[in-house]
Amino acid sequence: MRTRTAAPAALAATLLLLAACGTERAETGSIPSAASVDDPGRDGVRVISVTVSSPSASPSPSRSYSVSADRLTAGADSGVSAGYEVTNESTEALTYSVVLTFASEDGGAVTNQKVTVRDVGPGKTVRGTVHAGELPPSAPRITGARVLKVTKVPAGEAPAGPGACPASGVRVSADRGDAAMGLRVVGLHLDNCGTRDYTVKGYPQLELLDENFRPVNGVDVLDGSGGITTGAGPDEAPRTVALAPGESATAALVWRNTTESGTPVNVPHVRVRARAGAAPVTVTPELDLGTTGKLGVRPWKKAESQGRPAPGPS
């Protein structure tokens, strides 16, 4: 039986070289190479390492092989990941949504990936890994990663994750929205993921919150979108919407980011209740209201039956 030894210093130098060039040589398989990252981060989140693990076919045990992370087969995972850490310096548990940018040697973005880190207690640090995922063969070689964006909400008010159903039996979320010529529209979604019927009437109940989750004053919340735009047609009358298990409803937030005289108002968070007395869910539509001082709210209406969520435990 053969035994092999390697000097610690030589091994460390080899790993750093591999991280820099994206190439590995081994006799027994693909070995990930990790490089530490000096990332100041933002909002308590930072990248701590980048790992390159070049995918390859099973090597012959009798000879060495060489593969490169910047020459990938179409459809193959890039083999690149970033280690991150989240430190909650506040006094309450928070759920974080983090967007990481994987970058090439010249600093240009190659791909962005989002991760949700739930229930980080006050004073706690949580670590995890994000994979760059599938990249086209023409993509530049990834050499680094950085934190692009961080949003956070109180852990008890965070939107439920995919496939999860809150104890209330309903799931509230916001989409990424649409923007055109200064007009902004963000959809609110209400899914009955429980086992009982759920009824809403009229408009969702809203509280506008700043970055520290304090109420934002001085904004008129309007019933309907007619006070914001006439391009979307007449406002629909509020109605009672009964949702059987698996059915969904939608509403919308509508505003313009026109800026004239005065101080622009930005509202990062909105606390949403599907109806009066319902459990709150805090979403982050990042309302850039400009100096308009207005936000229109469209009433709940039943969504089309296509793509209904499967009922879950209530």
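1. The largest pocket holds about 1100 Å³ of space. A pocket here is an open set of points on a 1 Å grid over the protein atoms alone, with protein on both sides within 12 Å along at least five of seven lines. The volume is the space filled by probe spheres set on the points, which are joined across faces, edges and corners.

2. This is a predicted model: local features need pLDDT of at least 70, side-chain atom pairs count only at pLDDT 80 or more, and totals for chains, interfaces and linings use all residues. Residues are numbered from 1 along each chain as its sequence is written, and side-chain values use heavy atoms, without hydrogens and water.

3. The lining of the largest pocket comprises 38 residues (an atom within 4 Å of a point). K114, A174, D175, R176 and T284 lie nearest the centre. Elements giving two or more residues to this lining include β6 (94–104), β7 (109–120) and β9 (142–154). Strands are DSSP E runs of at least two residues, numbered from the N terminus.

4. β7-β6-β9 is the order of an open, antiparallel sheet of three strands. β7 and β9 are its edge strands. Pairing requires at least two DSSP bridges between two strands. β6 and β9 share 11 bridges. T95 stands opposite V153 in β9.

5. Strand β22 (residues 294–302) pairs in the parallel sense with β15 (residues 220–223), over four bridges. D220 has K294 as its bridge partner. With β17 (residues 248–256), β22 pairs in the antiparallel sense over five bridges. There, T250 stands opposite K301.

Key
1 Å grid on protein atoms, 1.4 Å probe; cavity = no way out; pocket = protein on both sides within 12 Å on 5 of 7 lines; lining within 4 Å.
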